[in-house]
Amino acid sequence: MHSSLLLSALFAAFVSSDAGFRLSSYKPKAFKDASPLTVSPHVVSFTKHSSVSTSQRYLRSIVGRNEVDGVYGDASVQPVEDGQVFLTNVTFGIETFEAVIDTGSSDTWLAEKGFQCFNVTTGAGVPEADCAFGTDGYTPSATFAQIPNENFNISYADGEMLIGIVGTEKVTLAGITVDNQEVGVVQLAGWFGDGISTGLIGLAFPSITSAYAGNDPSTDGPNTQLPYNPVFFNMFEEGNVAPLFSLALDRGNATGQLAIGGIPDVSFSEPIAIAFFQVLNAIDESNSTTGQYQFYSIDAGFSFAGSDDIRYTAQSGLPLAQPASDAESVVIVDSGTTLLYAPTQVADAVNAQFNPPAFFDESQGAFFVECDAVAPAFGVVIGGATFNINPLDLILYNGGGPCLSGIQDAGDSFGILGDVFLKNVLAVYDVGASAMIFAARENY
């Protein structure tokens, strides 16, 4: 383990650098046809916890267009929603912990027992409790083997940072065990925890894993990155499951299901649509490391009274290929976002169709609506199929006063299909086909 003095100096050096990130994108190459939607035996339940999700740390700046010369910084305005995280159990060796399920990052990591917590802003050492992990940490077991001459190093848009060691461990998730899974063990943390989770399970691509050659994290960068297979990739490459996972969010409570290799046993119906995705990368600007975070983006349109007259223009300065049709726009699918963010002309039109109409609060930058208002008919169009949104998801209780509209303005940035949409579909991430598949389940 690094000495306390060395870690303190290292963290202080990192927090003194300017934070920021750039955006890039690519289309992953499909390596097989879309897998059938079969019920998987490998299903875990998860619970939703209100927290600033990792995705929100980036989307606040992207949607707010808080950038100069292509470099995005911290969002200057507090959004009306903080987002949410989804927690489930993961076993390292013989210890089981609650961890965040994250479709946008790739590493699986836990905080080590005895880790050192530091203030994200000042770099000063603070009590472990300030990092707000759910336990006092993981003790490497007899099945853990440290990989020599490698370090674990990841930083995020809001200044959070994790540093530690890399090793292999017996990892079990959803009843599937990977005996020699590469994992991060965090020894130094500047972290805004949720008080429940002790780590994270990343389901994104190997290109943004966070292992680097050498024992000095200050020298980490693209030339020293050592990409490895995340746990989900090892599961399907070892022949345990098909190369897909799926999410089913529940309405009316803070739970849902993650299925690996198939879908959970939930009812769904027509329509079913497939959309090939692009991956949007957020790349750390301050130390030129590889991508920090990834988003799945697809092309989609919107259905509501008057929508046939809507045409979308390309989002300027954003590095994603634009739809072939001007009846669609690029949207990000993000389970860490509660609301649905649509282009301005959509948000304005739909919010005017509530009865009584929703109103825009300039001080909060959001649409609000009377809690007993009648919601308009509204749907998301993917691959020519319309997925209707249940009116229950269009009016969100806001803790007193007027309710929050489920449809918010994305401005000239990407739209975001958050939980207002995802509660109405079964969402399948088919990595093998480089596509997302959606099936309707709004009435349950």
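Where is Ser434 found? Ser434 sits in the loop between strand S30 (425-430) and strand S31 (435-440). Helices (H or I, at least four residues) and strands (E, at least two) are DSSP runs, numbered from the N terminus.

Before going further, a word on what you're looking at. This is a predicted model, in which local features need pLDDT of at least 70 and side-chain atom pairs count only at pLDDT 80 or more, while totals for chains, interfaces and linings use all residues. Residues are numbered from 1 along each chain as its sequence is written, and side-chain values use heavy atoms, with hydrogens and water left out.

## The whole protein

Let's start with the big picture. The protein has five helices and 31 strands. Its radius of gyration is 21 Å, close to the 22 Å that the globule rule gives for 444 residues, so the protein is as compact as a globular protein of that length. That radius is taken over C-alpha atoms, and the globule rule is 2.2 Å times the number of residues to the power 0.38. Along its principal axes, the C-alpha trace spans about 65 × 45 × 40 Å.

Of the 444 residues, 57% are buried. Here, buried means under 20% relative accessible area, exposed means over 50%, and partly exposed is in between (1.4 Å probe, protein chains only). The protein exposes about 16600 Å², and carbon and sulfur atoms supply 51% of that area. Accessible areas come from the Shrake-Rupley method with a 1.4 Å probe; for residues, only the protein chains shown count as cover.

Now for contacts, meaning heavy atoms within 4.5 Å. Take those between residues at least 6 apart in sequence: 73% of them join residues at least 24 apart.

What about charges? The protein has 14 positive and 48 negative charges, and their mean positions are 5 Å apart. Lys and Arg count as positive and Asp and Glu as negative, while His and the chain ends are not counted. The place of a charge is taken as NZ of Lys, CZ of Arg, CG of Asp or CD of Glu.

Ser434 is buried, with a relative accessible area of 4%. Ala174 is another residue other than glycine with a positive phi, near 55 degrees. Ala174 lies in the loop between strand S11 (161-173) and strand S12 (176-190), and it is buried at 11% relative accessible area.

There are cis peptide bonds to spot, too. One joins Glu270 and Pro271, with omega about 0 degrees, and Pro271 is in strand S17 (residues 269-276). Another runs from Asn355 to Pro356, with omega near 0 degrees. Pro356 lies in the loop between helix H4 (344-352) and strand S22 (359-361).

## A covered helix

Helix H2 (residues 54-63) is mostly covered, with eight of its 10 residues buried. Among the buried ones are Thr54, Arg57, Tyr58 and Ile62. After H2 comes Arg65, whose phi is positive, near 50 degrees.

## Loop residues and their partners

Buried or partly exposed: which is Thr135? Thr135 is partly exposed, with a relative accessible area of 35%. You'll find Thr135 in the loop between strand S8 (125-126) and strand S9 (145-146). Leaving out residues up to four places away in sequence, Thr135 touches Phe97 and Thr198. The side chain of Thr135 also reaches the backbone nitrogen of Gly137 at 3.1 Å.

Arg251 is in the loop between strand S15 (244-249) and strand S16 (255-260), and it counts as buried at 15% relative accessibility. Ser210, in the loop between strand S13 (199-202) and strand S14 (211-213), counts as buried at 3% relative accessibility. Not counting residues up to four places away in sequence, Ser210 touches several residues, including Asp107, Asn151 and Tyr228.

The table lists polar contacts between side chains. A polar contact is a pair of N or O atoms within 3.5 Å; within protein, one must be able to donate a hydrogen and the other to accept it, and residues adjacent in sequence count only if both atoms are side-chain atoms.

| Side chain | Partner side chain | Distance |
|---|---|---|
| Thr135 | Thr198 | 2.9 Å |
| Arg251 | Asp393 | 2.8 Å |
| Arg251 | Asn424 | 3.1 Å |
| Ser210 | Asp107 | 2.7 Å |
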